[in-house]
Amino acid sequence: MKAVLIREFGSPESHRVESCNDLQPGPGEVVIDVHAAAVNYPDLLVASGKYQILPPRPFTPGKDAAGVVSAIGAGVVTDLKLGDRVVAQLEHGGYATQVCAPVGWVHPIPDSMSFVDAAAMGLVYQTAHFALFERGQFQAGETVLVTGAAGGVGLAAVQIAKGLGARVLAAVNTSAQAALVLEHGADAVIDLVQPGLRDSVRQQVYAANAGLGADVVLDTLGGDVFDGALRALNWCGRMVIIGFAAGRIPEIKANYLLVKNIRVSGLQWSDYRERAPMLVAQVQQDLMGLYERGVIKPHVMQEFALDQFASAMTLVATGQAVGKVVLTMGRT
C-alpha cells in the first residue's frame with residue numbers, strides 16, 4: 001500500500017507518500033481498499049501539529065475514506081461482507097490506498113453514490129447535521145445563519161437546512177462564493193467583506209429576514225464574524241461554535257446571553273463517534289436517505305491524485321477551496 005506519512009509536523013509540502021506494508025485487521029476491525037479520501041481543514045492542523053488530538057508519529061492524516069471492504073477481523077458481528085462499498089469516518093489514516101478501522105466507524109453507501117461523493121459527505125455532513133439538530137435544536141420554519149457557508153461544513157449545512165425546511169442566510173467572502181451558496185439553496189447572502197462586521201452582520205441579517213434575527217447560527221469562522229453573528233441572533237436563538245478558521249478565538253460576555261435569552265454551545269463531532277456511535281450511525285442513514293432523494297449532494301471542487309496531496313491541502317489551507325477537495329487512489 002501507499003500512504004502519506006507524517007514523520008515530523010510541518011507544512012503540506014514537507015510530507016511524502018511512502019510505500020508501506022499492507023494492513024491486517026485486528027479484532028473488531030475491517031480493512032478497506034480506498035478509492036477516495038476527503039481533505040478536511042482539521043487534516044491541516046493535525047499534519048502541522050496544531051490539532052487538539054495528535055497521534056504518535058509517523059501517522060497518516062485523513063478523516064474520511066471511501067472504498068471496498070477487503071478484509072474482516074475476528075469478532076466482527078455486522079452485516080458487512082467482503083466487497084461491500086463503504087465509507088469510514090476516521091481519526092486519521094485516510095490519505096492512503098488502504099485503511100483499517102473499527103467496524104463501528106464504517107458505514108455502507110448506496111449503489112447510486114460514487115466513492116468521491118461518499119468521501120466528500122463524511123465529516124462535514126455529519127458535523128453540519130449534528131450542529132443543526134443535536135446542538136442547535138433546529139425546527140423546520142426557522143431561520144439559520146451559516147458562516148463560512150462556501151466551505152465543506154458550511155455548504156453541507158446550507159443544503160441540509162434548506163432541504164429540511166429552513167430559511168437559510170449564507171455568509172461568504174466573494175461573489176463566486178455567493179453564487180455557489182445560492183445555487184445550493186441559500187435564500188440570501190451575508191457579505192463578510194463589509195467593514196465593521198460586529199455591526200454589519202446583524203444589519204444584513206435583519207435586512208434579509210424581515211427585521212428579525214436568526215434562530216440558529218452555525219459558526220465555523222470565529223473572530224469578528226462570530227462577534228457579529230452573536231449579535232444577529234433572534235430572541236431565544238441558539239449559536240453553535242464549530243471552528244475558528246478566521247483565526248481569533250472569540251470571547252463571550254455572559255450578560256449578553258442573559259439579556260437575549262440566547263444559548264451558545266460547541267460541537268466536537270468526534271466525541272459523538274466515540275461516545276454515541278449509534279446516534280452517528282442513525283445520522284449517517286438519514287444523510288444517505290437525503291442523498292438518494294436528491295435533497296443533498298456534495299460540491300466537489302477538485303479531485304487530486306494521492307501524490308498531489310500537498311497541492312490539495314494547500315488549496316484548503318489558503319482558503320481557496322469551495323465545497324470539498326478529494327484525493328483519489330487511481331482504482332477502477
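**Note on helix packing and the parallel sheet**

1. In this predicted model, helix H3 meets helix H4 through Val124, Tyr125, Thr127, Ala128, His129, Leu132 and Phe133. On the H4 side, the residues in contact are Gly152, Val153, Ala156, Ala157, Gln159, Ile160 and Ala161. Sorted by class, this contact has 10 nonpolar and four polar residues, and no charged ones.

2. H3 spans residues 123–135 and H4 spans residues 152–163. Their axes lie 8 Å apart, and the two helices pack at an angle of about 55 degrees. H3 is therefore oblique to H4. The crossing of H3 and H4 is right-handed.

3. The model also has an open sheet of six strands, in the order E10-E9-E8-E11-E12-E13, with parallel pairing. Strand E10 (188–191) and strand E13 (263–266) are at the edges. Each has a single partner strand, so one side of each has no neighbour in the sheet. From one strand to the next, the twist averages 20 degrees.

4. Within this sheet, strand E8 (residues 143–147) and strand E9 (residues 167–172) run parallel and are joined by five bridges. Leucine 145 has leucine 169 in E9 as its bridge partner.

Conventions: Residues are numbered from 1 along each chain as its sequence is written. This is a predicted model: local features need pLDDT of at least 70, side-chain atom pairs count only at pLDDT 80 or more; totals for chains, interfaces and linings use all residues. Side-chain values use heavy atoms; hydrogens and water are left out. Axes are lines fitted to C-alpha atoms, for helices over the stretch in contact, and angles run from 0 to 180 degrees between N-to-C directions. Helices (H or I, at least four residues) and strands (E, at least two) are DSSP runs, numbered from the N terminus. Angles under 35 degrees count as roughly parallel, over 145 as roughly antiparallel, 65 to 115 as roughly perpendicular and the rest as oblique. A crossing is left-handed if the near helix is turned anticlockwise from the far one by less than a right angle, and right-handed if clockwise. Contact means heavy atoms within 4.5 Å. Ala, Val, Leu, Ile, Met, Phe, Trp, Tyr, Cys and Pro count as nonpolar, Asp, Glu, Lys and Arg as charged, and the others, Gly among them, as polar. Two strands pair if DSSP finds at least two bridges between them.
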